[in-house]
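Here is a briefing on one protein chain. Look at the annotated site first, then the charge pairs, the cores and the backbone.

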Amino acid sequence: MQRFMITDSSDVVRKVGKRILSELDFLVSEASNASEALSRCQAELPEYIIVDSGMDGALELISAIRAMEGGKDVKIYYCVIEADLKKLMMGKRAGATDFLLKPFDRKILTAVFGNRAIAA
């Protein structure tokens with residue numbers, strides 16, 4: 001089972017995402033801030049991680065994960081509220097693999113990650 005981490009300061013976003021991704025056969029963990037996420041990644045890197053762009057330290061978290069052993073293999077999704085080109089480029093420069101628009105729902109998460117859980 002592939003590991004997935006949702007890093008977002010919103011309890012609701014984390015709980016909804018966890019429920020949907022768990023149903024897609026991911027083993028999902030949560031982090032409410034960048035330091036908690038970094039600590040969890042140091043213990044065990046997930047295959048996938050969603051990082052909320054509005055969270056303090058989001059870009060530094062992405063860079064820190066990329067610098068870890070095995071960190072280049074993690075699929076990091078930078079979650080933004082709007083398709084702001086400047087913000088998207090900052091995420092890409094920090095090392096984000098791709099982007100998600102927030103709020104996400106079952107349809108979006110299934111479209112993006114549904115086939116990845118099955119392929120594993």
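UniProt lists Asp-52 under "modified residue: 4-aspartylphosphate", in an unreviewed entry. The model shown is predicted. In this model, Asp-52 lies in strand β3.

**The annotated site**

- Is Asp-52 buried or exposed? Asp-52 counts as buried, because its relative accessibility is 6% and the cut-off for buried is under 20%.
- Beyond residues up to four places away in sequence, Asp-52 touches Thr-7, Asp-8, Ser-9, Ala-58, Cys-79 and Lys-102.
- With Lys-102, the contact is a salt bridge between side chains, at 3.2 Å from N to O.
- This pair links distant parts of the chain. Lys-102 sits in the loop between β5 and α5, Asp-52 in strand β3, and 50 residues separate them.
- Both Lys-102 and Asp-52 are buried.
- Ser-9, a contact of Asp-52, is found in the loop between β1 (3–7) and α1.
- Which residues does Ser-9 touch, not counting residues up to four places away in sequence? They are Arg-14, Ser-32 and Asp-52.
- Ser-9 also has Met-55 at 6.5 Å, C-alpha to C-alpha, although the two are 46 residues apart in sequence.

**Salt bridges**

- Side chains of opposite charge can pair when their charged atoms come close.
- How many salt bridges does a search of the whole structure find? The search finds ten.
- One of them joins Glu-30 and Arg-14, with the closest N and O atoms 3.1 Å apart.
- Glu-30 is buried, at a relative accessible area of 12%. Arg-14 is buried too, at 7%.
- Salt bridges with shared partners join Asp-11, Arg-14, Lys-15, Lys-18 and Glu-30 into one network.
- Glu-36 and Arg-40 form another salt bridge, the closest N and O atoms being 3.3 Å apart.
- Why are Glu-36 and Arg-40 separated by about one helical turn? The reason is that they are four residues apart in helix α2.
- Glu-36 counts as partly exposed at 25% relative accessibility. Arg-40 also counts as partly exposed, at 39%.

**Helix α2**

- Which residues of α2 are buried? Ala-34, Ala-37 and Cys-41 are.
- These three cover an arc of only 60° around the axis, so they fall on the same side of α2.
- Ser-35, Gln-42 and Ala-43 are exposed, on the other side of α2.
- The buried residues of α2 pack against β1, β2, β3 and α3.

**Nonpolar cores**

- The largest nonpolar core has 21 residues. Those touching the most other members are Cys-41, Ile-49, Val-51, Leu-61, Ile-62, Ile-65 and Ile-76.
- At least two residues of this core come from each of α2 (34–43), β3 (48–52), α3 (58–67), β4 (75–80) and α4 (85–94).
- Which element gives this core its largest share? That is α3, with four residues.
- Apart from this core lies another, of 16 residues, with Ile-6, Ile-20, Val-28 and Cys-79 among them.
- Val-51 has a list of contacts of its own, leaving aside its neighbours within four places in sequence. The list reads Thr-7, Ala-58, Leu-61, Ile-62, Ile-76, Tyr-77, Tyr-78 and Cys-79.

**Backbone geometry**

- Where is the cis peptide bond? The bond runs from Lys-102 to Pro-103, with omega near 5°.
- Pro-103 is placed in the loop between β5 (98–101) and α5 (106–119).
- Lys-102, on the other end of this bond, is the salt-bridge partner of Asp-52 described above.
- Asp-25 has a positive phi of about 75°, although it is not a glycine.
- Asp-25 is in the loop between α1 (11–23) and β2 (27–31).
- With a relative accessible area of 48%, Asp-25 is partly exposed. The class follows because exposed would need over 50%.

Methods. Residues are numbered from 1 along each chain as its sequence is written. This is a predicted model: local features need pLDDT of at least 70, side-chain atom pairs count only at pLDDT 80 or more; totals for chains, interfaces and linings use all residues. Side-chain values use heavy atoms; hydrogens and water are left out. Buried means under 20% relative accessible area, exposed over 50%, partly exposed in between (1.4 Å probe, protein chains only). Contact means heavy atoms within 4.5 Å. A nonpolar core is a set of buried Ala, Val, Leu, Ile, Met, Phe, Trp, Tyr and Cys residues joined through side-chain atoms within 4.5 Å. The arc is that of the directions from the helix axis to the C-beta atoms. UniProt positions are given in the numbering used here, feature names are shortened, and annotations may be inferred rather than shown by experiment. A salt bridge is a side-chain nitrogen of Lys or Arg within 4 Å of a carboxyl oxygen of Asp or Glu.
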